[in-house]
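Take a walk through this model.

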Amino acid sequence: MKNKRLKFIDLFAGLGGFHVALESLGHECVFASEKKEHLAKLYEKNFNTPVNRDITKVEICDIPKFDILCAGFPCQPFSKAGDQLGLKDEKNGNLFDKLVEIIEYHKPKYFILENVRNLKSHDNFNTWKYIKDKLENQLNYFIDDKILSPHNYGIPQHRERIFIVGSRDNIEYFNWPDSLNATDSILNFLDTNPIEATKLEDDKIKVIQLWQEFIDKIPIEDKLPGFPIWSMEFGATYPFEIEIPFRIPTNVLGKYKGKYGVPLKGMSRELKINNLPNYAQKNQLHKDTDKPIPFPNWKKNYIRKNRAFYEKYKVELEPVVKKLKELNVSSWQKLEWNVQGGERDISKYVIQFRGSGVRIKKTDFFPSLVTVSTQIPIIGWEKRYITPSEGARIQSLNGIELPENLGTCFSALGNAVNGTVVKLIAEKLIKEEHKTIKLNDKSKQEIRSNELDYERIK
């Protein structure tokens, strides 16, 4: 039985990933909202749909009747990359409650919500308890949730997001789309030396060459580190195990060496702190007790391993370390070699310049597209950034017009919902032939059974 044409609304619409997915299934968008002016104009151009610019000010009764609410509500309050203020975020934290008001008034048959994976565990799961309580107990919807990624469905991109689906009647019939065992090659999403591609800057090419020189110094019979390489720790001896360096008395700190083995003796207090690695400079205090917070165990572990690694290969690495020390961006002084066992040639891989370091990734998956324009994936073997059209293919949004500015474009793609993932979910959720069945209602089960028998006879 073919599903009938339903009406949906697309809130916090961005590039229109929900629109692409629902329209491909034959459904009609009757209302869209997007705060950013350039994205709103582009949405209207791509989908011929007027766009509301401020969902917080719209009269809910003025929103046309609809069957499905779609919303990738702002993730910044819950993202690990942000301040994680959650529902207390003054700018975006209350937007979920606006969704609740819209759903409560219009009572759509379904909704599909999307957000960052961290939403569920945020604030010791209290944020999720609040959301779940609103959807189930205040609005009386049957809901389900799951963390999904495009790579589960054949698209070579790791991008885990939480999806929350709701149905007004029941959701016992719903099953999340099955994962695929095989994933497509990233080469099927890339063009060969596209003329519109942005070439990698000379200074970044030199950084890659320098790290290649570093790798070449490690004996071929030895494994490359699986932990992040923090070259600032090479030669450093400052204490870190018990107390954070910032809390160590000035005269005591002067007995040690800072980043790249710089002696701290004779320096002013300010210079001593400035000559520590940037991640070791802060006076981190507990928000409630105002007591200093020691380094987390993972950071201590990385510092220990980097210092030991340097001592083992000090003679081989010293000439390269002197060059790394001269790099003017601290994140360029770090390397994340995520290709254990692979060929030791950086140019054969996908590269990202991230705040955590220069990340080298295997070519079986794209790194997740993020909103930071400086982290656009780099195709190492062509010394270029991926193009907007390639990014759109990765997000299953190929065919739509994209922002002209490269940074703006990838920021929008990083915020976008993946069209294929949404389509697969919607296909499972939107079942017009479905009849309401409650497990404790035997009579309704019998009626449904008779209906199915009748359909088979016909």
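Helices (H or I, at least four residues) and strands (E, at least two) are DSSP runs, numbered from the N terminus. This is a predicted model, where local features need pLDDT of at least 70, side-chain atom pairs count only at pLDDT 80 or more, and totals for chains, interfaces and linings use all residues. Residues are numbered from 1 along each chain as its sequence is written, and side-chain values use heavy atoms, with hydrogens and water left out.

The protein chain has twelve helices and 13 strands. Of its 458 residues, 49% count as buried (under 20% relative accessible area; exposed is over 50%, partly exposed in between; 1.4 Å probe, protein chains only).

Now the helix pair. The axes of α1 (residues 17–24) and α11 (residues 419–429) come within 8 Å and cross at roughly 45°. Axes here are lines fitted to C-alpha atoms over the stretch in contact, with angles from 0 to 180 degrees between N-to-C directions. Contact means heavy atoms within 4.5 Å. On the α1 side, Gly 17, Phe 18, Ala 21, Leu 22 and Ser 24 take part; they meet Gly 419, Val 422, Lys 423 and Ala 426 in α11.

Next, the backbone. Most residues other than glycine have a negative phi. Ser 396 has a positive one, near 55°. Ser 396 sits in the loop between α9 (388–394) and α10 (406–415). Its relative accessible area is 13%, so Ser 396 is buried. Asn 193 also has a positive phi, near 45°. Asn 193 belongs to the loop between β7 (161–167) and α5 (202–217). At 44% relative accessible area, Asn 193 is partly exposed.
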